[in-house]
Amino acid sequence: MKMHLSFIKQTVIARRCVRALKTLQTREHVLSQGYTARWCSSDLSVPKITSHYTIYPRDKDPRWEGVDMERFADEADVLIVGGGPAGLAAAIRLKQLANEQEKELRVCLVEKASQIGAHTLSGACLEPSALNELIPDWKERGAPMNTPVTEDKFGMLTEKYRIPIPILPGLPMNNHGNYIVRLGHFVRWLGEQAEELGVELYPGYAASEVLFHEDGSVKGIATNDVGIAKDGSPKDVFERGMELHAKVTMFAEGCHGHLAKQLYKHYNLRENCEPQTYAIGLKEVWTIDEKKWRPGRVEHTVGWPLNRNTYGGSFLYHLNEGEPLVALGFVVGLDYTNPYLSPFREFQRWKHHPSVSPTLEGGTRIAYGARALNEGGMQSLPKLTFPGGLLIGCSPGFMNVPKIKGTHTAMKSGMLAAEATFAKIADENLASDTAGIHVHEYEQNLRESWIWKELKAVRNIRPSFHNYFGLYGGIIYTGMFYWIGRGMEPWTLKHAGLDSEQLKPAKECTPIEYPKPDGKISFDLLSSVALSGTNHEGDQPPHLTLKNDCVPVANNLAIYDGPEQRFCPAGVYEYVPLETGEGMRLQINATNCVHCKTCDIKDPSQNINWVVPEGGGGPAYNGM
């Protein structure tokens, strides 16, 4: 049934009343049948953890008998999933082209965060190249880019010292001409520009399912159902999600997107590329003593507290936002091998370095968050197009790792996708082989753009760290082959493989003793999560789903000493004693989740599958 979104919203209350009556009847039937939930486990002593319908289909659950599962549908010309830099840049460019050529073009964008920008987190030092192309008069339009880089510092840390490393002209970490921004504010501003052009933005709508035409092409997406109890049963307020159909659907979910994972498998998009490799980035914002404030200063380090074989580094940016603010963070490559490593606690330890702590002493931490990021580069890019849809931004992964930047490439990919898509849709003589239009031209145009040239030049820098000397070998390689040859070497290095396969068994590793937080410079995990504004409806199935509830204890705890309780930056996972007092069980605190996706990436059993919770849930970042 096809209806406009505005009308759909008006029908929700009426439908809930009807469903409430049906749900009561269904529950009475279920109770009379003595229904007991079961789960896929050979050991019935294992407590049930997962109750999500993606693991336990509702058509086999008698509690769902008689529940109306009809979904309303709406249709657009182009549908964009994800309201980050790439999705908004694509939306803006589409409407620019349509307005220039006086064409009617309906562009809809859905975003799982309650507000545009509320789930956005980055350093961020923004290279304005794509923005200059998209909105040349961004200064006049009031873009929140108030801090041009005035000072650039890079160094290697030992436990007690900082060794300066000169930033030579042409090296990727040179930030001359860039801006320090609070990316969430920048994204919110992009959303305002999109709305002015006529883009329809729908924050608070989480896309949970890819829809397909009978010919196999993408038809659109469905938003997730709401009003499901924690045990997987329908609540009185259950409301079916809606379908959004389009000629072309752009997937701009960000790093390790939930729907992109489905598309990789459905269309075998990763057949001819290397596995993606990732990192986790943790960030805080502080107000500091004004005497220590240096607006425009950018600082990066590598080395301590990580060992030479663990990829990572730090950033410390001085913002010019009318008050003495600094944004600081720590990045750890998720191909690390020691299961005892905690990225969060490495971050807290780093802040105590003699070159860092003086800046923070006497200051106040006001925000915290975390996010996974793509580090695979050119050799890990999947096929980007398929019938009815395409991938843009950090979903496939256009981050320039040595630059530590991906916003400019993400935006440019969205712009290229928009231009190729508009040309197809506007072609009155187009004869599409499938119901969903296949925009082949996007991928070719991208390979001919400055994105491809930029990523090709730095393609070997990240994998060059996989050598006996680790960090030191990577620095030497970068100096020899990038600074001198600009990535012209005739070979392409490979990554180590899937990040989930890199952990060594706990018995082969040395536990890491982390210092206790002092509550002034370093902090505990839960007080940090509180600063992220994270909030979820508590009575819903955990969106951190397990394919098998037995695996965490039998494999992850037994072999790797439960690494999920350390690699998660939000305290979602913890092993607690069974009520009987014999053995342990995994407890998932899903309401803590900051949507970083690290668990889905790093889980050595690949048993965790992150799916979207109810729309509007998650962190509520304010300019992160």
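# Close-up views of a predicted protein chain

**Figure 1. Contacts across the whole chain.** Among contacts in the protein chain between residues at least 6 apart in sequence, 79% join residues at least 24 apart. Contact means heavy atoms within 4.5 Å. This is a predicted model, in which local features need pLDDT of at least 70, side-chain atom pairs count only at pLDDT 80 or more, and totals for chains, interfaces and linings use all residues. Residues are numbered from 1 along each chain as its sequence is written, and side-chain values use heavy atoms, with hydrogens and water left out.

Figure 2. The protein chain has 15 helices and 24 strands. Both are DSSP runs, numbered from the N terminus: helices are H or I with at least four residues, strands are E with at least two. A compact globule of 624 residues would have a radius of gyration near 25 Å, and the 24 Å of the protein chain agrees with this. The radius is taken over C-alpha atoms, and the globule rule is 2.2 Å times the number of residues to the power 0.38. Along the principal axes, the C-alpha atoms fill a box of roughly 70 × 70 × 50 Å. Of the 624 residues, 62% count as buried. Buried means under 20% relative accessible area, exposed means over 50%, and partly exposed lies in between (1.4 Å probe, protein chains only). The accessible surface comes to about 25,500 Å², and carbon and sulfur atoms hold 52% of it. Such areas come from the Shrake-Rupley method with a 1.4 Å probe; for residues, only the protein chains shown count as cover. The chain has 65 positive and 72 negative charges, with mean positions 4 Å apart. Lys and Arg count as positive, Asp and Glu as negative; His and the chain ends are not counted. Each charge is placed at NZ of Lys, CZ of Arg, CG of Asp or CD of Glu.

**Figure 3. A three-stranded open sheet.** The strand order is β3-β7-β4, and the pairing is antiparallel. β3 (125–126) and β4 (147–148) stand at the edges with a single partner strand each, so one side of each has no neighbour in the sheet. Two strands pair if DSSP finds at least two bridges between them. β3 and β7 (residues 179–180) pair over two bridges. In this pair, L126 stands opposite Y179 of β7.

**Figure 4. Strand β16 and its two partners.** Strand β16 covers residues 312–320, and eight of its nine residues are buried, so the rest of the structure largely encloses it. β15 (residues 297–303) runs antiparallel to β16, and four bridges join them. Here V298 stands opposite Y317 in β16. β17 (residues 324–333) also pairs with β16 in the antiparallel sense, over nine bridges. S314 stands opposite F330 in β17. β16 and β17 form a hairpin with three residues between them, and G322 in the turn has a positive phi of about 90 degrees.

Figure 5. A207 is found in strand β9 (residues 207–212). Is A207 buried or exposed? With a relative accessible area of 9%, A207 is buried. Leaving out residues up to four places away in sequence, A207 touches V81, V110, I221, A222, T223, H258, L259 and V612. Five bridges join β9 to β10 (residues 218–223), and the two run antiparallel. V210 stands opposite I221 in β10. The hairpin has five residues between its strands, and G216 takes a positive phi near 95 degrees. From A207 to A367 there are 160 residues in sequence and 27 Å in space, C-alpha to C-alpha.

Figure 6. Most residues other than glycine have a negative phi, and most peptide bonds are trans. G123 and A124 are joined by a cis peptide bond, with omega about -5 degrees. A124 is found in the loop between β2 (107–111) and β3. Another cis peptide bond joins W304 and P305, with omega about 10 degrees. P305 has its place in the loop between β15 and β16. I404 is not a glycine, yet has a positive phi of about 60 degrees. I404 lies in the loop between β20 (389–391) and α8 (407–426), and is partly exposed at 38% relative accessibility. K597, also other than glycine, has a positive phi near 75 degrees. K597 is found in the loop between β23 (584–588) and α15 (598–602), and is buried with a relative accessible area of 3%.
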